[in-house]
Amino acid sequence: MTGRLEGKVALVTGAASGIGLATAQRFAREGARVFGLDRDGDRLSAALDGTGRALVADITDEHSVAAAFRQVHDAHGRLDVVVANAGVQLFGADAPIADLDLEVWQRTVDINLTGTFLTVKHAVRAMLATGGAILVTGSPTALTGEGAPYTAYSTTKAGGMGLVRTVAAAYAPVGIRVNSVVPGFTATPLVAALADDAASRADIVSRVPLGRAGTPDDVAAMMVYLASDEASFTTGSTYFVDGGMTVL
Ligand SMILES: NC(=O)c1ccc[n+]([C@@H]2O[C@H](COP(=O)([O-])OP(=O)(O)OC[C@H]3O[C@@H](n4cnc5c(N)ncnc54)[C@H](O)[C@@H]3O)[C@@H](O)[C@H]2O)c1
C-alpha cells in the first residue's frame with residue numbers, strides 16, 4: 001500500500017541514520033513531502049540522496065531548531081507531521097547512577113530531553129491552526145530493567161514519554177495528536193557497540209520473544225500508521241515495536 005501520507009508535509013529529526021532515515025524514506029514513498037533534519041549535514045545529504053530536503057540543525061539549540069521549522073513554513077506554509085527522533089546513547093560513559101559523571105548526564109539530557117522538548121515545542125507552534133501528528137521515539141529502557149546500565153539515557157527516554165502525555169492532553173482540543181513509538185533492540189549505528197559484539201547481541205536477542213533484532217523499517221511502518229489519518233482517534237499513547245521485549 002502506498003499513498004497513505006499523500007499531501008502531508010513531514011519533518012523527521014535524526015534523519016541521517018537508522019530509524020529517522022528509514023522513516024523519512026518510507027514517508028516519501030507514502031506520498032509525503034519530507035524534510036530530514038540532522039546535525040551532521042554531509043551525512044544527511046548523502047543519506048537522504050534526494051528523498052527529501054535536508055535541514056541541518058542541532059536540536060539542542062533553539063535558534064537552530066526555529067530556523068529549520070521556518071524553512072518548512074517558507075516552503076509549504078504548513079506542517080502536518082513531526083517525528084522527534086534524534087537521540088544519543090553514550091555507551092561506555094552512561095552508567096549506573098553511582099558511577100555516572102555529571103557531564104555525561106548533562107550531555108544526554110541536552111540532546112535527548114531538551115532537544116525533544118524544543119522539537120515538540122516548535123512542532124506544536126507550527127500546527128496550532130491546522131492540527132497535526134507528532135511522534136516521539138521512546139525506548140524500553142524507560143520502562144524496564146533493560147535501562148539499569150544506562151541511567152542518563154533511560155531517564156531521558158522516560159522524560160520524553162512523559163512529555164508526550166502532557167502535550168497530548170494540552171493540545172488535543174486543537175487537533176494535535178502526540179504519541180510515543182518504542183523501538184526494541186534495532187540494528188542501527190546507535191547500538192553498534194552492542195550489535196557488533198556477538199556475545200552482547202546474542203544476550204539482548206535472548207530477551208526478545210520474537211527472537212531477532214528489529215530493523216529501522218519495522219519502526220518506520222508504525223510511524224507511517226501514527227502519522228496517517230488512519231490514526232485520527234489516537235493520542236497520548238505508546239506503541240511498541242520491540243518484538244515483545246517489554247512483555248517479559
Ligand atoms: N537503535 C535502537 O536499538 C533504539 C532502541 C530504542 C530507541 N531508539 C531511539 O531511536 C532514535 C533513533 O536512533 P537510531 O537507533 O536510529 O540512532 P542513529 O544513531 O542511527 O541515528 C540518530 C541520529 O540522530 C542525530 N542526532 C544526534 N544528536 C543530534 C542533535 N543534537 N541534533 C540533530 N541531530 C542529532 C545523529 O546525527 C544521527 O543521525 C533515538 O531517539 C534512540 O534513542 C533506538
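This dialogue covers the ligand site and the pockets of a predicted model.

Colleague: Which residues come nearest the ligand?

Modeller: A residue is near a molecule if one of its heavy atoms lies within 4 Å of it. Of the 29 residues around the ligand, S17, D38, Y153, K157 and T188 come nearest. By class, this shell has 13 nonpolar, 11 polar and 5 charged residues. Here Ala, Val, Leu, Ile, Met, Phe, Trp, Tyr, Cys and Pro count as nonpolar, Asp, Glu, Lys and Arg as charged, and the others, Gly among them, as polar.

Colleague: How many Å from an oxygen atom of the ligand does a polar side-chain atom of S17 lie?

Modeller: A polar contact is a pair of N or O atoms within 3.5 Å. For S17 the distance is 2.5 Å, and a polar side-chain atom of K157 lies 2.7 Å from a ligand oxygen.

Colleague: What volume does the largest pocket have?

Modeller: On a 1 Å grid over the protein atoms alone, a pocket is an open set of points where a 1.4 Å probe fits, with protein on both sides within 12 Å along at least five of seven lines; lining residues have an atom within 4 Å of a point. A volume is the space filled by probe spheres set on the points, which are joined across faces, edges and corners. The largest pocket has about 940 Å³, and its lining divides into 20 nonpolar, 16 polar and 9 charged residues.

Colleague: What limits apply?

Modeller: Local features need pLDDT of at least 70 and side-chain atom pairs 80 or more, while totals for chains, interfaces and linings use all residues. Residues are numbered from 1 along each chain as its sequence is written, and side-chain values use heavy atoms, without hydrogens and water.

Notes. A polar contact is a pair of N or O atoms within 3.5 Å; within protein, one must be able to donate a hydrogen and the other to accept it, and residues adjacent in sequence count only if both atoms are side-chain atoms.
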